[in-house]
Amino acid sequence: MTTGWPGWRRRLYEVAGLRPATIVMYHSINPQTGLRPDCISPDTFARQLSLIRERYRLVRLRDLRRAMNDGDPRRPVAITFDDALGDFWEYGYPVLKGLDVPATMFVPTAWIGIPNVMTAAQITTLHVDGLVEIGAHTVTHASMRSLDPAAMWREAIESRRALEALLGSPVRLFAYPFGQRHHFSRASGRVLARAGYELAVTSCWGTLQPVDRPLELRRIDFKDGDAESTLAAKIEGRYDWRIAVEAAGLVARALRLRAA
Ligand SMILES: [Zn+2]
């Protein structure tokens, strides 16, 4: 899409010499795709990654900003996972390893080891293997915007400290639980910066990364049934009209809350 809101943002990027980048959000990789609406089968996951590798280039989330500015004409795409689900370990990680694709896993630290979530030993193995970088996803999977400043700070700093104690390495990446616009704020971004985070991803739709706001990065996601043409369209920003739809939804939500 070259007209409308995403269109002028794209032109600003071109003027700045930046290439647009895409961050993909996954949750569950499982052969039983009916378990959750966002579930992708292992075979589909492998096909999606192969397509991305053929047409674009797969980079680590922490390298995304550099890749937007390095002169390589291929669009950088970063793969991310939220929630540290057990089926990632069982089905998702073997696919990443088989294709040698790097990814980031965002872990709510209070969930580690509960049923259907990875154990501390599995998360440590991901870190030691080096293909999957571990990021924080709060302690309790809280909606950051709903918290008072002290609770917001605890969710940010205690999740980072718990992961750093587990892994013995710095943790600088964060994903907002739920991640829609009403789940984070400028205040929560300031808390993340103070807690030592360098990049944070939301669940707001979009491929054009706001480089001036590294703590509010947008992501896209796929459905198990997405055709190749749909995957490419989503990666290349032709679904970025959803940015305007989500903004309209936020306005409607604010009006409803004010009327209530
Ligand atoms: Zn989550």
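1. Along the chain, the donors of the zinc ion follow the pattern D-x53-H-x3-H. Donors here are N, O and S atoms within 2.8 Å of the metal (3.2 Å for Na, K and Ca), and water is not among the atoms, so sites may look incomplete. Bear in mind that this is a predicted model, where local features need pLDDT of at least 70, side-chain atom pairs count only at pLDDT 80 or more, and totals for chains, interfaces and linings use all residues. Residues are numbered from 1 along each chain as its sequence is written, and side-chain values use heavy atoms, with hydrogens and water left out.

2. Who holds the zinc. Asp-83 (OD), His-137 (NE2) and His-141 (NE2) coordinate the ion at 2.0 to 2.1 Å. His-137 is buried at 1% relative accessibility, and His-141 is buried at 13%. Buried means under 20% relative accessible area, exposed over 50%, and partly exposed in between (1.4 Å probe, protein chains only).

3. Thr-230. This residue sits in helix H8, residues 228–235. Helices (H or I, at least four residues) and strands (E, at least two) are DSSP runs, numbered from the N terminus. With a relative accessible area of 17%, Thr-230 is buried. Between Thr-230 and Pro-177 there are 26 Å in space, C-alpha to C-alpha, and the two are 53 residues apart in sequence.

4. H2 against H8. Gln-48, Leu-51, Ile-52 and Arg-55 of H2 meet Glu-228, Leu-231, Ala-232 and Ile-235 of H8, where contact means heavy atoms within 4.5 Å.
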